[in-house]
Amino acid sequence: MNAVTPPFGRRTVVVIGNGMAGQRFCERLIEFDRQRRYRIVAFCEEPRSAYDRVGLTTFFAHRDAEKLLLARREWYVENGVELHVGDRANRLDLRQRVVRSDRGVEIGYDHVVLATGSYPFVPPVPGVDKTGVFVYRTIEDLENIIRFAGQSKRCAVLGGGLLGLEAAKAAFDLGLETHVIEFAPRLMPRQIDDQGSRILVRKIESLGVHVHLNKAAKAIHGSTRVERLEFADGDSIATDMVIVSTGIRPRDELARQAGLAVGERGGIAVNDRLETSDPRVFAIGECALHSGMVYGLVAPGYEMAEIVAANLTGADRRFAGADLSTKLKLMGVDVASFGAYETTADEATPLVLEDPLAGVYKKLLFSPDGARLLGGVLVGDASDYARLSAFAKSGGPIPCQPHELLLGPGRAAAQSGLDGLPDAAQVCSCNNVSKQAICASIRDEGAETIDAVKRCTRAGTGCGGCLPLVADVLSAELKKAGKAVVQHLCEHFAYSRTELLAIIRAKELRTFDAVLAHAGQGLGCEVCKPTVASILASLWAEDILSEQHATLQDTNDRFLANLQRGGTYSVVPRIPGGEITPEKLAVIARVAKKHRLYVKITGGQRIDLFGAPVEKLPEIWDELVEAGFESGHAYGKAVRTVKSCVGSTWCRYGVQDSVGLAIRVENRYKGIRAPHKIKLAVSGCVRECAEAQSKDVGLIATEQGYNLYVGGNGGAKPRHAELLAADLDEKTALRYIDRFLMYYIMTADRLTRTSVWIEKLEGGLDHVRDVVVRDKLGIAAELDAAMQRLVDAYQCEWAAVVRDPQKRNWFRQFVNTDETEPGIEIVHERGQCRPADWPSELVSLEQFRLHDGRTLGEHQRNGDDQRQWVAVGQTGDFPRDGGATIKYGKSQIAVFNLASRGQWYATQNMCPHRKAFVLSRGIVGDAAGEPKVACPLHKKTFSLASGQSLQGEEYRIRTFPVRVEDDTVLVKLPPEEELDELLATEVGCRLATSCLSPVAASPGVACEVASA
């Protein structure tokens, strides 16, 4: 195959390897090459593009490779990167300057960047080729481990370093009896010392993991698969599988074949510019050998990538070695080392804090005069890592006495001593971001939040270990600028959620109006109204659809269903513990078929019915309630599901009745409101088929009872739950869950999952354990009583609606007619109905042309329509401080009753963002006094007075005058036929699904629509 030639005038860079370093090089070259002088071609040997190898262990929680990807395939296309996935570069021809691949691709190059990474070192132990021996390196390795673990009981991990302990945690979480074997006399021998290792071993063994130090593997025994691991000292252990994690070796075979210089023990030799023995070829990351050192951490690889990209675009930068500081949570234990932590006693003066009762060990190394911090080791508590590491990297004097950095006022002094931290001090080692760069982003680019600083500087987007220090720098800079660092809920409440809950509880406030009068201002908004509604529900357990609470709710809670694309809703009946009878299954099937609903099994062992129009919800639930179903609360920030395996009921491995307990747990906590959704699970044995360790609360059966795990979650940032208490009987387990959930409800910020809440609490899980198990704060009885009140007050919200004609009325599509209007195009796929795809480019109503050639925007601005006052209903038809829809001709108009201000507004009901007819279901409030509505789909906010977007976007909505005469509500509207041409439902429907041209309506286009 002939070599592919580059576009005229551009130079070609071939990147061999699409790991984290190779990907970072591509990103940086794209960023630095503003004149687009380079064409980038990348070869990726693995079957998927670059992924987060640092976060590899999280794969066991979500098992979704897509969540680990560093960039989507679209990113490569958009940025002109030619990526060859699943194709290994197998030859580098330095003379002809050509790279060849396994699939026959040939690329001529101007420069090559070797980012081939490393491979796991597997010691030549007899039996290492048996079935059941794995390495721990790629997603494919992890998938193989997961599959094999299902037929195993025991696992031995060879290697007690960073990756070895991550592999051990994975094996342990898979329900295997886990052994860690380390040749050295301590764990993590390259990062911590003997005393730190002792603390770490004690912590790990307390979890039930067996640690074997000073052990060398002699042989792996078994007929065809692993059965026993023999040590050099004659001891042995029974095991079903072995995971090898004994270090890495640079992948330099391509460089060797090409004739490039390599090190005696491997690695591609590079100079300070990261050039190999051929100056057109560079090497970065774990394959590069610089000054006799191969770096196995991501931060040095990132720095190398940036240097090469900068030098290719005109800079002259040098690599001078890299900081080897690390901070990790291994087996639930904080471990960190930074700076010159291996400095000998004759070069440094150590200060040591060892607390074996708390499981904390800290050693800081100072210059002989105590003026400078050189490095340190932290085990059990690494909360000061970022700050201490920054002081060590700066090389400057510390702002306090050395001992004060370990205890006493010095920790506060260290924080306040940020001014003493040099501007050039590195804060984020993963992305080489200095304190000066962060300060500049705050001062010059207006970054006033952590997320904004991340976007501007990339600080904190790597391992995240520097985020506490980033937050401190942000806070200090904002204070210097005279800007208050506040945790206010929104502009209407100068309090956090926790503070607001305390006020509501102490003053016994029971309505939003009362809370606003006592502690707030204005009308409220889409942030504070649902937050206060949740607090009121958590404290007083009143009906969320009572008149004083209904319009505070997000649309999901207001209509007791999940809002989906196009304005339809999904219905999720409760199926406690995932157990259901054939008769009830038949009811769900009958309802789905009758109402033409799309059916999907959820991850929480329930059945989701999609495509229900709002006006059909009471009818659907009438049938479900009659059959004995209750609301599944899938729509709420509330307790949702309790997932279970079949346990001892059916499973040959089950040791407890997990289904029975799951049903009892779900029926106890169902519907309880919280700062965020809560999911639970019960597994009948340590094989963990219910995935309890990925839930907010998880119970795993043991021979003696249940182990209770808390603080796990899936989603975008999956986290494993951690063990709160072991071998509990059911009564005790429920008591601890009561306290855990109530303490979370009382103290967490809005929209904060239990995992993040625990991380933010001072003392973390240990503090939670002190409160829940040991009653350290003396509030256990209060938490128990509060939970019991919520349990006793439970009622099925849908049962209450279908039995109350007045509540059913709030689900009508239009308040002025029983007619309905279709609002979404439906297509058929795999035997079911679903909404048609959204257009790739949204069509603006402003651009759509009428029959006379004018755009809708021109029509409205000209103001030449003949308006008249139209009676649309009685005041009682429109909810207090909320909206409802009226039908006018073929158009939908949203009418809003801001009763707290005595004001009325009317707008088009279609949100211009996604062309869905949903605005009347949005939360109303104000922004700086301007009345507004927030679209329930994507929280786009619009002024009810002017129709303008309040988020600075081009979208706008049409508004209409409203007045009230006696009890009649009137809206000033153009003639029906004129307004229909602008706002008829079918216009919006076709715009939303590309059935209508943005230039002219196509009268011949027909599409099936469903009522919305």
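How many residues does helix α8 have, and how far does α8 reach from its first C-alpha to its last? Helix α8 spans residues 298-312, which gives it 15 residues, and its reach is 21 Å. This is a predicted model.

**Helix α8**
- The 21 Å reach of α8 is close to the 21 Å expected at 1.5 Å a residue.
- Most of α8 is covered, with 13 of its 15 residues buried.
- Glycine 314 follows α8. The phi of glycine 314 is positive, near 110°.

**Helices α14 and α15**
- Two packed helices are described by the angle between their axes and the distance between the axes.
- Helix α14 covers residues 497-507, and helix α15 covers residues 512-519. They pack at an angle of about 105°, and their axes are 11 Å apart.
- Angles of 65 to 115 degrees count as roughly perpendicular, so α14 is roughly perpendicular to α15.
- On the α14 side, the contact is made by Leu500, Ile503, Ile504 and Lys507. On the α15 side, Val515, His518 and Ala519 take part.
- By class, this contact of α14 with α15 has 5 nonpolar residues, 1 polar and 1 charged.

**The largest nonpolar core**
- The largest nonpolar core has 65 residues.
- Phe493 and Ile504 have the most contacts inside this core.
- Helix α21, residues 730-747, supplies the largest share of the core, 11 residues.
- In soluble globular proteins, nonpolar side chains tend to be buried together.
- Ile504 also belongs to the α14 side of the contact with α15.
- Beyond its neighbours within four places in sequence, isoleucine 504 contacts Leu509, Val515, Val532, Ile535, Leu536, Leu539 and Trp540.

**Helices α21 and α24**
- Helix α24 covers residues 780-792. The axes of α21 and α24 come within 8 Å and cross at roughly 90°.

**Loop residues with positive phi**
- Arginine 458 is not a glycine, yet its phi is positive, about 75°.
- Arginine 458 sits in the loop between α12 (450-457) and α13 (467-480).
- With a relative accessible area of 25%, arginine 458 is partly exposed.
- Lysine 939 is another residue other than glycine with a positive phi, near 60°.
- The loop that holds lysine 939 runs between β46 (930-934) and β47 (941-943).
- Lysine 939 has a relative accessible area of 31%, so it is partly exposed.

**Arginine 225**
- Arginine 225 lies in the loop between β13 (217-221) and β14 (228-231).
- Its relative accessibility is 24%, and arginine 225 therefore counts as partly exposed.
- Arginine 225 and aspartate 235 are 10 residues apart along the chain. Their C-alpha atoms are separated by 20 Å.
- Not counting residues up to four places away in sequence, arginine 225 touches Lys130, Thr131, Phe148, Gln151, Ser152 and Asp240.

Definitions and conventions
Residues are numbered from 1 along each chain as its sequence is written. This is a predicted model: local features need pLDDT of at least 70, side-chain atom pairs count only at pLDDT 80 or more; totals for chains, interfaces and linings use all residues. Side-chain values use heavy atoms; hydrogens and water are left out. Axes are lines fitted to C-alpha atoms, for helices over the stretch in contact, and angles run from 0 to 180 degrees between N-to-C directions. Helices (H or I, at least four residues) and strands (E, at least two) are DSSP runs, numbered from the N terminus. Angles under 35 degrees count as roughly parallel, over 145 as roughly antiparallel, 65 to 115 as roughly perpendicular and the rest as oblique. Contact means heavy atoms within 4.5 Å. Ala, Val, Leu, Ile, Met, Phe, Trp, Tyr, Cys and Pro count as nonpolar, Asp, Glu, Lys and Arg as charged, and the others, Gly among them, as polar. A nonpolar core is a set of buried Ala, Val, Leu, Ile, Met, Phe, Trp, Tyr and Cys residues joined through side-chain atoms within 4.5 Å. Buried means under 20% relative accessible area, exposed over 50%, partly exposed in between (1.4 Å probe, protein chains only). The expected span of a helix is 1.5 Å times one less than its number of residues.
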